[in-house]
Amino acid sequence: MTPANTVILIEDEPQIRRFVKEALETEGWKVFEAENGKRGLVEAGSRKPDLLVVDLGLPDMDGVEVVRDFRTWSTVPILILSARTEERDKILALDAGADDYLTKPFGIGELLARVRAVTRRRLQGLETSPKQCFADVEVDLSRHSVMRNGVPVHLTPTEYRLLGSLLANSGKIMSHRRLMQEVWGPNHTESSHYLRIYMSHLRQKLEIDPAQPIHLLTETGVGYRFEP
Amino acid sequence: MQDKSKKITLKHSYLTAILVCAVTALAATPLRHFLDLANIVMLFLLVVFLIALKLGRGPAVMSAFLAVALFDFFFVPPRLSFAVNDVQYLVTFTVMLAVGLATAHLAATLHMQAEDALERERNTHRLYELARDLAGTATQEQVAQVLVLYMSGSAHSATLHLLDVDGELPSLGHQVALASLAYMAIKQGSLIDTSQLSVVGGHTLILPLKSPSEVRGVMVVETNASSIKASNNIDKKQFEAVANLTAIAIERLHYVEVAQQTQLEASAERLRSSVLSALSHDLRTPLTGLVGMADVLALAAEPQLENVYNAATSIRDQARAMNNLLDNLLDMARLHAGKVELRKDWQLFEDVIGSSIKLLKSALSQHPVKVVLAPDLPLVEFDDVLLERVLCNLLENAAKYSAVGAPIEVRGFVEGEFACVAVSDHGQGLPVDQIESLFTMFSRGKSESSTIGVGLGLAICRAIVEAHGGKIKASNCEGGGACVTFWLPLGNPPCVDSEQ
């Protein structure tokens with residue numbers, strides 16, 4: 001990764017800042033730290049970062065506000081750090097434009113995996129290949145075909161749209177609301193049980209053990225994620 | 001005493017009437033040479049009219065007769081005798097008497113109506129004063145005092161008896177007959193007059209205190225035994241109005257109390273949740289640092305420094321375990337406060353089971369997990385974050401209390417009106433005599449066992465499942481090992497149209 005990609009780390013706890021900085025630096029990131037939301041937004045404005053890491057519980061302003069503010073002028077990926085008890089805030093942050101979140105406490109491995117997932121498209125250019133493979137499944141978006149072990153799998157139009165939406169945001173978390181919006185349209189964001197049923201159908205057709213999925217993952221209380 | 005003075009004034013008015021009639025006769029005597037007898041009749045009629053107006057019906061009737069007699073005696077020839085020369089005068093007497101009586105009746109009725117109106121005006125004014133005084137009260141004692149003040153000028157006395165939270169009238173506990181009448185009045189929503197009940201007798205009115213939302217008690221009005229007279233409708237209406245005003249005042253006091261209570265509870269709740277979230281934040285932040293820095297240390301360890309790597313990963317795992325304990329403690333504190341807001345949604349067990357297994361990946365790494373879900377499992381309404389907590393606790397227990405390599409099974413099925421999930425292991429099973437107490441706080445199968453945990457896990461599971469209207473039970477499997485099952489009510493899941 002040359003020249004070094006920059007990341008703004010907005011976190012008020014120096015201990016957490018320290019190890020997140022160290023971990024990111026081992027991956028070649030240039031890290032700028034900010035201990036509050038206002039300072040973070042100023043840094044973000046001047047440094048032209050490739051990634052924003054934001055803690056939800058900041059001393060001066062709500063992390064969701066930081067995300068909302070930043071999203072008005074930038075499309076750079078945002079990774080949220082939050083505590084387990086803040087499900088509602090997580091959803092708010094995702095709906096405000098955040099790309100993913102990490103629940104405290106988290107390990108270095110999880111942190112780097114998330115960072116890679118949210119920055120993959122931006123840093124490696126859009127993958128234009130219409131073919132995507134995971135496990136024994138091969139999806140060809142250009143031909144609307146899904147094969148499993150070389151055998152065609154029949155998907156209903158809704159299932160196909162759902163799969164397409166998840167694949168297009170591979171590795172990133174998709175809130176229930178956002179998935180409903182993409183698959184059923186903006187007027188169907190309330191009855192999420194449809195989403196759960198169709199997700200279950202997809203798992204039945206594409207996962208080896210639908211009850212212990214490896215690729216079509218549930219993010220409890222928040223949404224779903226496709227993990228390649 | 002009042003009646004006595006009334007009698008005296010009545011006697012006086014009769015005497016006055018006689019006197020006035022006599023004076024009129026005397027005054028008219030010298031005029032008889034100048035005036036026609038017809039005009040003298042007019043004078044007498046005028047006097048009867050004035051007496052009726054001023055002194056009432058009785059004196060007026062009496063003076064009407066007296067006027068005829070005096071006229072006959074002093075003016076109609078032959079004078080100073082009741083004999084009559086001309087029979088025509090009999091017509092005069094009849095007309096004079098009839099006009100006099102009619103005048104007396106009309107004037108007296110007018111007089112009574114005016115007095116009635118005055119009385120009513122006084123009552124309205126007193127009611128207005130009562131309403132004003134009741135509006136200023138802040139306690140039920142003050143309401144009672146205002147009522148006593150209102151009744152003080154009359155022959156009645158009123159007492160209030162309010163229903164308590166159980167719908168009882170504690171202040172009437174010792175008066176069984178009165179209490180049963182009071183309950184009847186509350187049930188009927190209308191007043192009861194004991195003078196109309198031959199069984200009880202006495203003279204007591206029992207009025208329900210009807211406020212806009214409910215009946216809050218009764219007002220008992222007792223009338224002094226010395227001054228009992230049939231209480232008329234006006235009195236009853238008056239007391240009903242008093243009861244209504246009192247009921248409204250009591251209702252207002254009730255809602256003031258409710259509002260204060262709610263405010264108190266809300267501020268206590270705010271305090272509790274802010275303490276919990278501060279605690280959560282302050283304890284989790286160092287744990288996050290610990291996990292992260294142990295990871296940094298583990299990654300940085302040279303390959304030959306295996307003990308450094310092991311120590312670092314061990315620090316990380318212990319910190320994570322501590323975080324789980326913290327989660328459990330905080331959850332229990334929230335659940336125990338009884339103010340958990342369930343964010344229920346119609347969803348599938350499959351989602352939470354899958355995510356729980358994934359969350360516990362490292363704890364379950366030594367145990368193959370087998371998930372068997374019945375194909376007819378419907379959508380179930382639950383809070384997924386809390387249910388994930390239940391499943392994580394059950395799976396963690398299963399892993400903790402069974403040997404390395406022993407499989408864990410998760411089964412989902414429908415049983416009657418419930419959707420069930422059972423988590424079973426192949427460990428040593430549960431001590432039979434302690435199965436029930438496992439679900440109480442800080443209870444563990446073996447006290448001081450070397451396995452970490454404080455015995456909160458199952459208590460939390462029970463609190464969460466019960467908050468969903470379900471139940472949870474532990475048992476030992478036939479082939480050995482423990483099995484914990486929970487049941488959630490099926491309800492009416494929304495239908496989903498399938499597409500081809």
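This is a predicted model: local features need pLDDT of at least 70, side-chain atom pairs count only at pLDDT 80 or more; totals for chains, interfaces and linings use all residues.
**The interface between the chains**

- Chain B brings 47 residues to the contact, and chain A brings 42 residues.
- About 3,700 Å² of area is buried between chain B and chain A, and carbon and sulfur atoms account for 55% of that area.
- The number of residue pairs in polar contact across this interface is 13, counting pairs with both residues at pLDDT 80 or more.
- On the side of chain B that touches chain A, two or more residues come from each of α7 (233-300), α8 (306-336), β5 (345-347), α9 (349-359), β6 (369-373) and α10 (384-400) of chain B.
- Helix α7(B) makes the largest contribution to that side of chain B, with 13 residues.
- Sorted by class, the residues of chain B that touch chain A are 18 nonpolar, eleven polar and 18 charged.

**Salt bridges**

- Over all chains the structure has 33 salt bridges, and four salt bridges are found across the interface of chain B and chain A.
- Glu110(A) is paired with Arg320(B) in a salt bridge whose closest N and O atoms are 2.7 Å apart.
- This pair runs from one chain to another, with Glu110(A) in helix α5 (residues 108-124) of chain A and Arg320(B) in helix α8 of chain B.
- A salt bridge also joins Arg196(A) to Asp345(B), where the closest N and O atoms lie 3.5 Å apart.

**Cavities**

- Two cavities of 30 Å³ or more are counted in the model, and the largest cavity has a volume of about 60 Å³.
- The lining of the largest cavity is made by Leu94(A), Ala98(A), Asp99(A), Lys172(A), Ile173(A), Met174(A), Ser175(A) and Arg178(A).
- Strand β10 (residues 173-175) of chain A supplies the most to this lining, namely three residues, and by class the lining of the largest cavity holds four nonpolar, one polar and three charged residues.
- The second largest cavity contains about 40 Å³ of space, and its lining draws on both chains, including Arg196(A), Thr218(A) and Glu219(A) as well as Gln347(B), Asp351(B) and Asp384(B).
- At least two residues of the lining of the second largest cavity come from each of β11 (216-219) of chain A and α9 of chain B.
- By class, the lining of the second largest cavity has one nonpolar, five polar and four charged residues.

**Features of the backbone**

- The peptide bond that leads from Lys104(A) to Pro105(A) is cis, and its omega is near -10 degrees.
- In chain B, Pro77(B) and Pro78(B) are joined by a cis peptide bond with omega of about -5 degrees, and Pro78(B) is placed in the loop between α3 (57-74) and α4 (88-135) of chain B.
- Lys48(A), a residue other than glycine, has a positive phi, near 50 degrees, and Lys48(A) is found in the loop between α2 (37-47) and β3 (51-55) of chain A.

Definitions and conventions: Residues are numbered from 1 along each chain as its sequence is written. Chains are lettered from A and ligands numbered from 1 in the order in which they are written. Side-chain values use heavy atoms; hydrogens and water are left out. Contact means heavy atoms within 4.5 Å. Buried area is the accessible area (1.4 Å probe) that two parts lose on being put together, summed over both. A salt bridge is a side-chain nitrogen of Lys or Arg within 4 Å of a carboxyl oxygen of Asp or Glu. A polar contact is a pair of N or O atoms within 3.5 Å; within protein, one must be able to donate a hydrogen and the other to accept it, and residues adjacent in sequence count only if both atoms are side-chain atoms. Helices (H or I, at least four residues) and strands (E, at least two) are DSSP runs, numbered from the N terminus. Ala, Val, Leu, Ile, Met, Phe, Trp, Tyr, Cys and Pro count as nonpolar, Asp, Glu, Lys and Arg as charged, and the others, Gly among them, as polar. On a 1 Å grid over the protein atoms alone, a cavity is a set of points where a 1.4 Å probe fits but cannot get out, and a pocket is an open set with protein on both sides within 12 Å along at least five of seven lines; lining residues have an atom within 4 Å of a point. Grid points are joined across faces, edges and corners, and a volume is the space filled by probe spheres set on the points.
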